[in-house]
Each structure stands twice: as structure tokens, then as C-alpha cells.
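Let's take a walk through this protein together. Have the chain in view, and we will go from one part to the next.

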Amino acid sequence: MHNIKRKTVLLSLALSMSIGLVGCKNSKDEQNKDLSEYLIEISPSEKRKTSYETYTLELSDYSYTFGAIASAKYEMTPVYAELPYGTPVLLGYSVHNHHNIKEGTPILSYRLEFDEIYMAEQSLSLKRKSERFEVYKTKEEKRLSEVAEAVSQLPSDSEAFAEALEDYQEQLKSYNEYVEKTQEEIDELAKEVAAFEDNGKVFTINSPFSGIVEIPYWINSLRDGQEIATIMNPYTDIYAVDNEFEYFTVGQKVIGDYSDPNGEKHTVEGRVLSTDSLLPLRLQSGSAYIRFEFPEDLETPPDSIHAVVETKRMKNVIRIPTSLVKNHEGAQYIELLTDEGITRKNIDVIMNADLDYIVLDETLAGAKVVKR
């Protein structure tokens, strides 16, 4: 109050001096000049006139939202190399990484190579092993037949018959096991020898189904049973989103927006299906799964959607522009314009909202904050 009076006196003196200087030139103008716009009224009972700009605080509701990028959930199926006998020489991939491919599309090509000496050795080994095996079977089957005949001549209720029969059964079992094992070895060797005809030929490994192909960057050689690619098939409406901050809960409403291939933006609504604690929709730790309701005529769902959920709603809060809040020794305050002048008011900020601070003090409603 004292400052306002002092400023009024100084302003009056300045105006008097100004009027005195121009008085000699035009005393009539001096008598008719309106000085009200230069004065500051200080009476509390009258409407204040001030040069300060103010911002009026109002009560409002505020909802806090959280946004994250939801990515299409893919079923990922590895593709393995099933190679015939021989040394495969990788010729290269026939597809580009992350491209959509159709079922039967060649993924990579390779050439088979055999050492000629090895081929000759294996072919000879197959021939000799097969011949020896046939001779062995003929001889052993004849011997076992003679043993069986001898056993049959013994009295069936004698101890000698029981012992002879048990010994015959053991010999027959060993023979059958040997024959089975040896036949498998010969069959395997025969397949390898048959593959010698593919020496120098070029082969391809084709995609077993349609989808998005993902190629491992580290492949520089090829072996049987090796994973050469992954085919990804997106679900039509299920998306995965990081739930590290636990803002997504089961059943929660989600608003998403995405751009179509033409660049047009669309809004879509969804619901949280499950979080990472629920099976079988677990993808990785800290994930939530959302099903969006797309239009029926949507042919290709987007790869990602900006998903927004409402996490907190508050009523009757005060929003104060951050530019009006000042700091002094760790405390935050605003300057209020009152009938008595400008006063400081400490505030407790609970959170930021864009360019505003959120305050829960309802008594500030209607207050005028000085802008300066």
C-alpha cells in the first residue's frame, strides 16, 4: 500500500512537471487533458485499474493417459535345412529380409559337391557290405534252422529241452538284432551312394507357407538341420505392447490410431486381453496383449498402432501454466493480484500435464495470477 501511494505521488509530480513545460505553449490544452488513464486507484472498495495482465484460475477435470506403441503379434515358425548327402555349398538367398513371400517361394539355393575318391570308396563299400550280408544271412539262417530241428527232437517235458530252447531263442534274438542294425546301415549307405548322382547340381529350399520372411544375418555356410529363416504370420487383430509401467490391465479400454497405406489416419478401439502373467498369450516379460476391432473390409492390418489408455482421472483440479509458477529456495509459488496488491501464494504441484502444473487446491478457483 505504501508503495502504491509513493508511485502515485511520483507520477503526479512527473505529470505536473510535464504540464508546466507545455503550459506556456497551450494553457487551454492543459486545462482539458484527461489524466485518469495515468492514475492507479487504490481504494479497496472500487474496481482496481492496473497495467498487469492476469490469468484466472478455474476448476476443471483432468484425466491422465499413457501411450505406447503396440506391435502386431506374429506366429513365428522356423525353416530348417533338410539336405541330402554331400557337402552343400551355399550360393545365396533368393529373398529379401522382412519381405512378404508366398508358399513355395525359393528362400535360398545351394550346390552339392562330393569328393570323387570318397564317392568311389562308398560305392565299393556298399557293394561289399551288401554281398557279405547276404552270405551271412544265408549261412546263419541255415544254422539256426538246424538248431531248431535239434531242439524239436528232445522230449518237451525234459530239462534238456527247456535249456536248449532258451539257448535257441537267445541266438535267434541276437541274429535278428544284428540283421536289423546291419540292414539300416546298408540302407543309409545306399541313400548316400544314390545321392552321388546329384554331384554339382543346384538345389533350393522353399518356403513351406506364406508370410513375412526373416533371415539370420550370420549364415555363411550350410549344414543339415540348420535354421535358415523364420516365417512370420501376423494375427489379424492381436497386438503386443510393453507393460513395464503396469498401466495396462485386463479388460481395459484402449484407443488406438494408425495410418493406412495411403497415409490416412484412422482411430480404432480395443480391449486388453491379457498381461504377461496370463497364458497362453505370453510373448515376453512385461507385455500386454490388445485385440483391436478393425473394420471388416480391412485387408491388411497395420504393423503397429499407437495405443492410449486412461490411467487416472481427477475432478476439481487447478491447472496453472508452468510459465506463471516461480521458484524460491526450493518452494514453488504464484503471484496473485488481490485488492491489497500482489501477494505470493505457495502451491503444491502434484504432476505435470503438457505445459501446465496440476494443483489440488480448490480455494484457488477464481484467483487471478499475475503474468510477468
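**A walk through the fold**

Phe-294 has a relative accessibility of 16%, so Phe-294 counts as buried; buried here means under 20% relative accessible area, exposed over 50%, and partly exposed in between, with a 1.4 Å probe and protein chains only. Before going further, please note that this is a predicted model, in which local features need pLDDT of at least 70 and side-chain atom pairs count only at pLDDT 80 or more, while totals for chains, interfaces and linings use all residues. Residues are numbered from 1 along each chain as its sequence is written, and side-chain values use heavy atoms, with hydrogens and water left out.

Now for the overall picture. The protein has 4 helices and 18 strands; helices (H or I, at least four residues) and strands (E, at least two) are DSSP runs, numbered from the N terminus. Of the 372 residues, 30% are buried. Among contacts with a separation of 6 or more, 71% are between residues 24 or more positions apart, where contact means heavy atoms within 4.5 Å.

Back to the aromatic rings. A pair of aromatic rings is described by the distance of the centres and the angle of the planes. Rings of Phe, Tyr and Trp (its six-membered ring) pair if their centres lie within 6.5 Å; planes under 30 degrees apart count as stacked, over 60 as edge-to-face and the rest as tilted. The count by this rule is 11 aromatic pairs. In one of them, Phe-66 and Phe-248 have ring centres 6.0 Å apart and planes at 75°, so this pair is edge-to-face. Phe-66 sits in strand E2 (residues 59-80) and Phe-248 in the loop between strand E8 (227-242) and strand E9 (253-259), so the pair links distant parts of the chain, 182 residues apart. Phe-66 is buried at 15% relative accessibility, and Phe-248 is buried at 2%.

Phe-294 itself pairs with Tyr-239 in a tilted arrangement, 6.0 Å centre to centre with 55° between the planes. Tyr-239 belongs to strand E8 and Phe-294 to the loop between strand E11 (287-292) and strand E12 (304-321), so their pairing ties together parts 55 residues apart in sequence. Tyr-239 is buried, at 0% relative accessibility. Together with Tyr-258 and Phe-292, Tyr-239 and Phe-294 form one aromatic cluster.

What is Val-268 in contact with, leaving aside its neighbours within four places in sequence? Its partners include Tyr-258, Phe-292 and Phe-294, as well as Val-254 and Ile-305. Val-268 lies in strand E10 (residues 265-275) and is buried at 4% relative accessibility.

Next, look at an open sheet of 3 strands, in the order E3-E5-E6 with antiparallel pairing; two strands pair if DSSP finds at least two bridges between them. Strand E3 (87-93) and strand E6 (202-206) are at the edges with a single partner strand each, so one side of each has no neighbour in the sheet. E3 is joined by 6 bridges to strand E5 (residues 106-113), and Val-89 stands opposite Arg-111 in E5.

Finally, turn to helix H3 (residues 116-152). Its 37 residues should span 54 Å at 1.5 Å a residue, and the end C-alpha atoms are 54 Å apart, which agrees; the expected span is 1.5 Å times one less than the number of residues. The buried residues of H3, among them Met-119, Leu-126, Phe-133 and Leu-144, pack against helix H4 (159-195).
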